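Student: Could you walk me through this model, starting from what the record says about it?

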Amino acid sequence: MALTLYVDTKRWRAHQQSVIQQFPGIIPVCKGNGYGFGHERLADEATRMGADILAVGTTYEAARIKDFFSGDLLVLTPFRLGEEPVPLPDRAIRSVSSVEGVRGLVGARVVVEVMSSMKRHGISEADLPKLHAAIEDVRLEGFAIHLPLDRGDGTSAVEEVAGWMERLCNAHLPLHTMFVSHLKAEELRQLQQQFPQTRFRARIGTRLWLGDHDATQYRGSVLDVTPVAKGDRFGYRQQKAAGDGYLVVVAGGTSHGVGLEAPKALHGMMPRAKGVARAGLATMNRNLSPFVWAGKQRWFAEPPHMQVSILFVPGDAPAPQVGDELVAHLRHTTTQFDRVLDH
């Protein structure tokens, strides 16, 4: 009995191919929990698609993935002076976001990240004159820019990248390769036409692995079903049942990421109102679970346990049976499955 990730492999790979065709020279990203699939699985998929570079989040991830992928490994987290040294092969490429960082990586392969409107990290325009001497002591693989997902001010991603291309060109810095994130296919084509002497390489994770939502599905096995009457006490905290129904124990708890939800940016009044309503229900110990039974998302009977969740299914719904599987709407990047089944 398990929390299982089902993958429609043919459909999933067909989506991958559609993304690859839109973004020539794509660099697959495998970071965090491997977008819910795991590092080894995505490393195999990157090899299958013929990728020469695989982007990872940290040096620790690179150290683990190096045994699964034989190509170059691009570490996205910028190098920091004084960081813990992690043994990596020469095929590892480090991102750098400061002149001091470049100077600290003598002899290494590096990608220099520039400061975008994300304002997260990157070289500033004022730093460019200092880069000339610094890059002489490293093997420069190119420059990189990480763009925001949304542009509420109406600005253009193409204009932002082009602006940086012109600054780098004016500073007489080599522009053979520009690594980009969060560009649309048409925007990438526009930039390639505008700067034919530069190779643009898109680093893509979410769109590549999770772009077709119907290619994957989580399901949790039902482990136990116990009838309860209104007022019956149950669970760790001995709460009272709100009505007649069933306590359904399903595989999938906090160790899987169930009940652990990342904050969302809310746009518009309706999503904000729903957020307020959910918060109000939570104060009364009513929290909607990600598990679906008989066409409805069911409520947690109490907070999820480490490896299972207990749901309340009211008596007017059919009772699940032990061994049934409940579809679970879970976020891939925060979920750890027990097993994966391709079909």
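**Domain, sheet and cavity**

Tutor: UniProt lists residues 12–152 as "domain: Alanine racemase N-terminal", in an unreviewed entry; positions are in the numbering used here, feature names are shortened, and annotations may be inferred rather than shown by experiment. It's a predicted model, with pLDDT of at least 70 needed for local features and 80 or more for side-chain atom pairs, while totals for chains, interfaces and linings use all residues. Residues count from 1 along each chain as its sequence is written, and side-chain values use heavy atoms, leaving out hydrogens and water.

Student: Which strands stand at the edges of the sheet?

Tutor: Strands here are DSSP E runs of at least two residues, helices H or I runs of at least four, numbered from the N terminus, and strands pair if DSSP finds at least two bridges between them. The open sheet is parallel, ordered β2-β9-β8-β7-β6-β5-β4-β3. One side of each edge strand is left without a neighbour in the sheet because each has a single partner strand; these are β2 (27–28) and β3 (53–56).

Student: Over how many bridges do β4 and β5 pair?

Tutor: Leucine 74 stands opposite isoleucine 93 in β5. Strand β4 (residues 72–75) pairs with β5 (residues 92–96) in the parallel sense, and the number of bridges is three.

Student: What is the volume of the largest cavity?

Tutor: On a 1 Å grid over the protein atoms alone, a cavity is a set of points where a 1.4 Å probe fits but cannot get out, and lining residues have an atom within 4 Å of a point. Glu113, Val114, Ser116, Met118, Arg120, His121 and His146 line the largest one. With grid points joined across faces, edges and corners, and volume taken as the space filled by probe spheres set on them, the largest cavity comes to about 40 Å³.

Terms used:
1 Å grid on protein atoms, 1.4 Å probe; cavity = no way out; pocket = protein on both sides within 12 Å on 5 of 7 lines; lining within 4 Å.
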